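Here is a short note for a colleague who is opening this structure for the first time. Please read the points with the model on screen.

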Amino acid sequence: MIYLSQMLGNPVYDLDGEKIGKVNDLGIATGEVFPRVTALAVEGPGKTPLMISWRKYVDSFDDDKVQLKVVATDIRFSYLQPNEVLVARDLLNKQIVDTRGLRVVRVNDLKLSDTSSSQLRLLGAEVGVRGLLRSISPGFERVVLKISRALGKPIPEKIIAWNYMDLLDRDLSNVKLSVSHKTLDDMHPADIADILERLDPRLRGQVFAQLDDEQASETMAEFDDDAMAAEIMGDMEETDASRMLSEMDPDDAAELVSELDYDKAEKLLRLMGVKEQKAIRQLLGYREDTAGRIMTSEVVSLPEDATAADAVEKLRNLEDDFETVYYIYLTDEDGRLSGVVTLKALAIANPTDRLSAIAIDDDLITASPDEDQEDVAEDIAKYNLVALPVVDDNKRLLGIVTVDDALDVLEDEHAEDLRVAGATTSDSDGHRSLEGLVWLMRNEAGFFFWMVGAAALATFFSPTLGAANALLLTTSLPVAVIAASDAASYATSSFLEYDPDDEDAPSTLGFVLKGLGLGIVFSALVGLVGMALATSALGNAVGALAATSKGVSAAVVSILISFISIPVYLTVLRKRDEKNLETSGMTLSLVAMTIALVVFAVVCCILLGVWGA
């Protein structure tokens with residue numbers, strides 16, 4: 001087995017041993033389950049790009065070089081064929097869809113299999129930490145693997161087979177990947193929406209544009225982020241966007257329209273049919289976060305004296321895109337809700353049976369359009385309903401809130417509760433450290449007083465330090481505290497979302513490396529800014545540099561301890577959970593921040609020689 005990262009940059013020699021260039025890329029024929037390498041892209045003298053046939057000219061290869069079977073003067077250059085792609089250019093470091101795991105991943109390396117001395121086949125994409133480590137250095141990867149095995153935490157390969165990969169770049173959308181390939185066209189709209197939300201913005205619109213009208217409308221309704229869905233719609237042609245809104249259920253369309261600016265929303269609504277436009281405008285008339293805003297007006301209702309045969313006939317005549325039917329609602333002579341017929345009762349009734357005779361009419365559970373959506377969702381869960389009728393003050397039926405919308409409401413409320421409790425639902429790639437820096441800048445006044453207090457303590461323990469240098473010493477303290485909070489939040493999120501043996505859990509090592517790197521950069525940046533200001537004001541660059549370097553060093557040690565402690569925090573949370581003990585995410589963050597403060601102070605004391613160090 002060999003990896004693309006091991007081949008890129010290797011020298012290419014002709015039959016006489018003359019170097020003609022270095023490996024720049026490999027071309028593969030895509031219409032196979034495990035594609036063959038068909039072309040070798042070489043960077044020749046003067047960085048001239050060359051493309052040659054792998055089968056015709058490559059004699060052998062290894063980790064160090066590629067040997068050709070002809071002399072340089074006998075080489076005839078070729079071109080990439082329509083069914084071929086260049087793996088480094090088109091796959092490496094690109095986002096792809098794992099159609100088996102239904103997730104978006106980034107290709108860190110590509111695994112190749114040498115089926116003979118001169119033939120290579122692509123097995124799949126490496127999307128785990130090992131690919132990242134190998135891209136830094138194969139030696140570094142080996143060292144990390146040995147350490148992880150010694151700690152009893154081996155790092156496995158994460159390979160996605162070629163026939164489970166879907167390319168997202170529009171320029172490659174016409175490439176047939178393999179004979180058994182599964183694409184986005186075969187996925188459920190909810191899975192497509194989940195994938196789109198994880199894509200880079202540049203790719204998101206491109207992939208969405210490849211969906212047909214039905215797929216697009218169903219996928220748009222499944223977005224968790226309404227603002228993101230509105231952004232995609234805002235980039236569409238108005239006629240296309242209006243047509244897609246007409247295909248959506250009224251409640252989903254109203255939610256999406258509410259995210260658009262007024263002028264854009266009005267244009268789209270005016271382009272719609274009168275019936276669809278009226279339904280959406282009625283829903284938009286209700287306040288946000290109410291039953292009226294999330295209900296659908298597509299309801300099957302019949303008079304009390306209608307028969308089971310009448311109900312079946314009405315169901316047969318419904319349009320294909322009608323909201324899913326759970327119940328048939330009965331109304332009296334004044335149009336008031338009087339009963340509910342379940343589909344089970346309708347299925348076993350005689351055709352001549354009156355609906356009023358098989359209806360549930362006692363203790364009907366209803367909601368008003370102004371009722372809070374969370375209360376409505378909780379009622380649906382409490383009474384085991386799949387839909388809840390919404391009525392006005394005169395008990396006239398306005399619409400229904402369906403169970404899928406109720407689940408969305410409860411999920412949103414759960415996420416909000418987690419944020420209040422101190423957990424985070426953000427990604428696990430260390431990007432919250434960047435958000436932490438923004439938070440740091442926005443709260444600089446509070447941190448200034450914090451730093452002044454810490455500087456006062458430093459001056460007390462080391463009177464010769466001086467107030468200015470003491471203040472410089474503590475400039476990196478807020479970054480260390482924020483990093484500690486991020487580490488605790490990551491542990492809390494991992495505990496809530498993943499089991500200990502879950503293979504899909506994000507790599508703690510990857511988060512540690514990224515978070516540590518960002519923390520060190522931010523510490524140095526803040527320290528250097530403080531040093532520059534102090535040098536300008538005091539004119540003592542040497543003293544400012546000495547104080548700043550001690551502060552940055554203390555922050556780096558503190559950040560390192562915080563991120564290394566993530567497995568410890570996870571273990572504590574799981575042990576307490578086994579004992580049915582609750583642990584607040586906020587409490588864990590406070591503990592982590594306290595530890596960071598203590599570590600920062602101890603390192604500063606050591607560097608200042610307070611204990612004779």
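Does Lys47 count as buried or exposed? Lys47 has a relative accessibility of 66%, so it counts as exposed. Please keep in mind that the model is predicted.

1. **Lys47 and its loop.** Start with the backbone here. Lys47 sits in the loop that links β4 (37–43) and β5 (49–53). Its phi is near 60°. That is a positive value in a residue other than glycine.

2. **Lys395, another positive phi.** Lys395 has a phi near 70°, and this residue is not a glycine either. Its place is the loop between β18 (387–391) and β19 (397–402). The relative accessible area of Lys395 is 46%, so the residue is partly exposed. The cut-off matters for that label: exposed means over 50%.

3. **Strand β16, an enclosed strand.** Look next at residues 327–331, which make up strand β16. Five of the five residues are buried, so the rest of the structure largely encloses this strand. Tyr327, Tyr329 and Thr331 point one way from β16. Ile328 and Leu330 point the other way. Residues on both sides are buried.

4. **The parallel neighbour of β16.** Strand β15 (residues 301–303) pairs with β16 in the parallel sense. Three bridges hold this pairing in the assignment. Leu302 stands opposite Leu330 in β16. Helix α15 (residues 308–316) belongs to the picture too: β15, α15 and β16 make a right-handed β-α-β unit.

5. **The antiparallel neighbour of β16.** Strand β17 (residues 337–342) runs antiparallel to β16, and five bridges join the two. Tyr329 stands opposite Val340 in β17. The two strands form a hairpin, with five residues between them. Gly335 lies in the turn and has a positive phi of about 80°.

6. How many aromatic pairs does a search of the whole structure find? It finds two. Tyr327 and Tyr329 form an edge-to-face pair. Their ring centres are 6.2 Å apart, with 70° between the planes. Tyr327 has a relative accessible area of 14%, so it is buried. Tyr329 is buried as well, with a relative accessible area of 2%.

7. **Strand β12 and its partners.** Strand β12 covers residues 120–126 and is mostly covered, with five of its seven residues buried. Which strands flank it in the pairing? Strand β11 (residues 109–114) is joined to β12 by six bridges, and the two run antiparallel. Strand β13 (residues 159–161) is joined to β12 by three bridges, also antiparallel. Lys111 stands opposite Gly124. Gly124 also stands opposite Ala161 in β13.

8. **A nonpolar patch on the surface.** Turn now to the helices. Val557, Ile561, Val591 and Ile595 form a nonpolar patch on the surface. Together they have about 270 Å² of accessible area. Helices α25 (541–564) and α27 (585–608) each supply at least two residues of the patch. Ile595 is located in α27. Its relative accessibility is 36%, so Ile595 counts as partly exposed.

Note on methods
Residues are numbered from 1 along each chain as its sequence is written. This is a predicted model: local features need pLDDT of at least 70, side-chain atom pairs count only at pLDDT 80 or more; totals for chains, interfaces and linings use all residues. Side-chain values use heavy atoms; hydrogens and water are left out. Buried means under 20% relative accessible area, exposed over 50%, partly exposed in between (1.4 Å probe, protein chains only). Helices (H or I, at least four residues) and strands (E, at least two) are DSSP runs, numbered from the N terminus. Two strands pair if DSSP finds at least two bridges between them. A crossover is right-handed if, with the strands pointing away from the viewer, the path from the first strand over the helix to the second runs clockwise. Patches are made of residues with over 30% relative accessible area and no salt bridge: like charges are joined within 9 Å, nonpolar side chains (Val, Leu, Ile, Met, Phe, Trp, Tyr) within 5 Å. Accessible areas come from the Shrake-Rupley method with a 1.4 Å probe; for residues, only the protein chains shown count as cover. A salt bridge is a side-chain nitrogen of Lys or Arg within 4 Å of a carboxyl oxygen of Asp or Glu. Rings of Phe, Tyr and Trp (its six-membered ring) pair if their centres lie within 6.5 Å; planes under 30 degrees apart count as stacked, over 60 as edge-to-face and the rest as tilted.
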